[in-house]
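Work through the exercises below with the model open beside you. Try each task before you read its solution.

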Amino acid sequence: MTEKKTKGLVILAIGSIPLIMTLGNSMLIPILPKMETELGITAFQASLTITIFSITAAISIPILGYMSDRFSRKSIIVPALIVYGVGGLLAGVAAAWFNNSYMWIMVGRALQGIGAAGTTPIAMALTGDLFKGGSQSKVLGIVEASNGFGKVISPIVGSLLALLVWYGPFWGFPVFVLISVLLTVFFVKEKKKKKEAPPLGKYAKGLLSVFKHEGRWLFTAYLAGATCLFTLFGILFYLSDTLETEYNIDGVLKGSILAIPLLFMMITSFATGSKIGKDLKRMKKLIVFGFLLMTASFATLTFFEKLWPFIAVLVVSSIGTGLVLPCLNSLITGSVGAARRGFVTSLYGSVRFLGVAAGPPIFESLMNWSRTGMFLATAGLTLLVGLLSFLLIHVKNQKGSKEEDSSEAHTLFKKLQLTTE
């Protein structure tokens with residue numbers, strides 16, 4: 001097998017991991033109203049099936065991130081995917097045959113959240129281990145595009161599976177997981193560690209050094225990532241509810257409409273990851289510009305109530321999100337060497353999941369309060385985060401040597417490398 005083909009299969013395997021994670025929430029968005037009817041629960045209770053997945057993931061991610069640094073990425077990713085599949089299977093079985101099915105569905109979703117903790121954040125750390133320089137940014141762009149692709153297809157796939165039976169999406173999870181597990185097992189080959197992982201005390205001391213030197217911009221980047229996912233899933237929840245209650249649109253057509261803004265986000269993510277390379281100043285500019293696009297879109301949505309003009313304006317915010325996320329991925333993944341990369345990227349994954357968890361319930365409350373207020377508050381949030389990104393993310397491009405590029409401890413921030421490795 002040629003080197004190019006081997007590299008392509010590795011990228012395919014890595015790209016399948018965030019796609020599987022994305023299915024965990026997006027595939028259920030179209031069936032939430034049906035779940036309310038079938039189980040006799042409120043809209044808030046239905047939204048909690050998204051929230052519990054994200055909260056358990058957010059809590060578990062730092063633990064699995066540390067374990068991936070101590071052992072290996074692959075030894076965490078594969079079992080995590082299996083737990084994810086088992087959680088989906090439990091939720092499907094509960095919906096089909098259990099009396100108190102809602103409680104068991106929540107248990108299954110919690111299990112899925114634990115499994116999801118070992119997917120995208122660890123895949124980002126794995127990408128940082130296996131690829132360097134411009135290739136790293138490009139593959140991280142593919143990872144984010146895969147994440148976006150999962151969001152594009154999952155409402156449609158969820159709607160198709162729900163045509164068989166409303167809880168069909170739960171049964172789909174184990175099937176998709178099996179494909180990703182096989183790809184990861186057979187095609188991802190990790191480099192052997194040249195030295196043993198540091199003990200917990202030394203590891204924690206190194207992390208404190210990371211956040212002492214770069215904490216201001218790192219936490220701003222974390223906030224930016226959480227904001228992108230919070231607004232994305234909040235707006236999707238609002239749109240899903242509006243399509244059913246105001247337009248009587250459900251099923252595959254509903255899933256296809258939900259996929260439109262996500263498609264633009266996916267395309268933008270892929271293009272952004274392919275073009276940014278190691279240009280840190282360009283990354284910062286795109287982050288700020290992306291938040292300005294999101295702000296303009298959310299503020300303008302207050303004037304549009306008809307469906308297709310609304311979707312057209314919403315697409316602008318999706319393009320903004322597609323500009324921001326790949327840049328954040330590259331900044332955060334490149335900010336620390338391999339020894340602690342798993343934890344730093346995992347913490348980023350945690351706050352992203354918290355953003356997802358907060359989106360549906362908060363937007364459900366805002367919908368009941370005021371439609372105009374909901375969009376203006378969202379625009380105010382994205383404007384604030386864009387301003388913080390402009391003020392607090394300080395970058396300076398490094399002119400690294402070829403030797404530095406190939407270094408195992410290579411980071412985008414030489415100062416940080418010297419003080420933490």
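This is a predicted model: local features need pLDDT of at least 70, side-chain atom pairs count only at pLDDT 80 or more; totals for chains, interfaces and linings use all residues.

Residues are numbered from 1 along each chain as its sequence is written, and side-chain values use heavy atoms, with hydrogens and water left out.

**Exercise 1.** Work out how α10 and α11 are oriented to each other.

Solution. 
- Step 1: locate the helices. α10 covers residues 251–276 and α11 covers residues 280–300. Helices here are DSSP runs (H or I, at least four residues), numbered from the N terminus.
- Step 2: take the geometry. The axes lie 10 Å apart, at an angle of about 155 degrees. Axes are lines fitted to C-alpha atoms over the stretch in contact, and angles run from 0 to 180 degrees between N-to-C directions.
- Step 3: classify. α10 and α11 are therefore roughly antiparallel (over 145 degrees).
- Step 4: list the contact (heavy atoms within 4.5 Å). Thr272, Lys275 and Ile276 of α10 meet Arg282, Met283 and Leu286 of α11. These contact residues comprise three nonpolar, one polar and two charged. Ala, Val, Leu, Ile, Met, Phe, Trp, Tyr, Cys and Pro count as nonpolar, Asp, Glu, Lys and Arg as charged, and the others, Gly among them, as polar.

**Exercise 2.** Describe the aromatic pair of Tyr84 and Phe173.

Solution. 
- Step 1: count. The structure holds 12 aromatic pairs (ring centres of Phe, Tyr or Trp, its six-membered ring, within 6.5 Å).
- Step 2: classify. Tyr84 and Phe173 are 5.8 Å apart centre to centre, with 90 degrees between the planes, which is edge-to-face (over 60 degrees).
- Step 3: Tyr84 is in α4 (residues 73–97) and Phe173 in α8 (residues 168–187), so the pair ties together parts 89 residues apart in sequence.
- Step 4: check burial (under 20% relative accessible area, 1.4 Å probe, protein chains only). Tyr84 is buried at 0%, and Phe173 is buried at 1%.
- Step 5: widen the view. Phe53, Tyr84, Phe170 and Phe173 form one aromatic cluster.

**Exercise 3.** Which residue lies over the face of Phe390?

Solution. 
- Lys284 does, at 5.4 Å from the ring centre. The test asks for NZ of Lys or CZ of Arg within 6 Å of the ring centre and within 35 degrees of the ring normal.

Note on methods:
Helices (H or I, at least four residues) and strands (E, at least two) are DSSP runs, numbered from the N terminus. Angles under 35 degrees count as roughly parallel, over 145 as roughly antiparallel, 65 to 115 as roughly perpendicular and the rest as oblique. Rings of Phe, Tyr and Trp (its six-membered ring) pair if their centres lie within 6.5 Å; planes under 30 degrees apart count as stacked, over 60 as edge-to-face and the rest as tilted. Buried means under 20% relative accessible area, exposed over 50%, partly exposed in between (1.4 Å probe, protein chains only).
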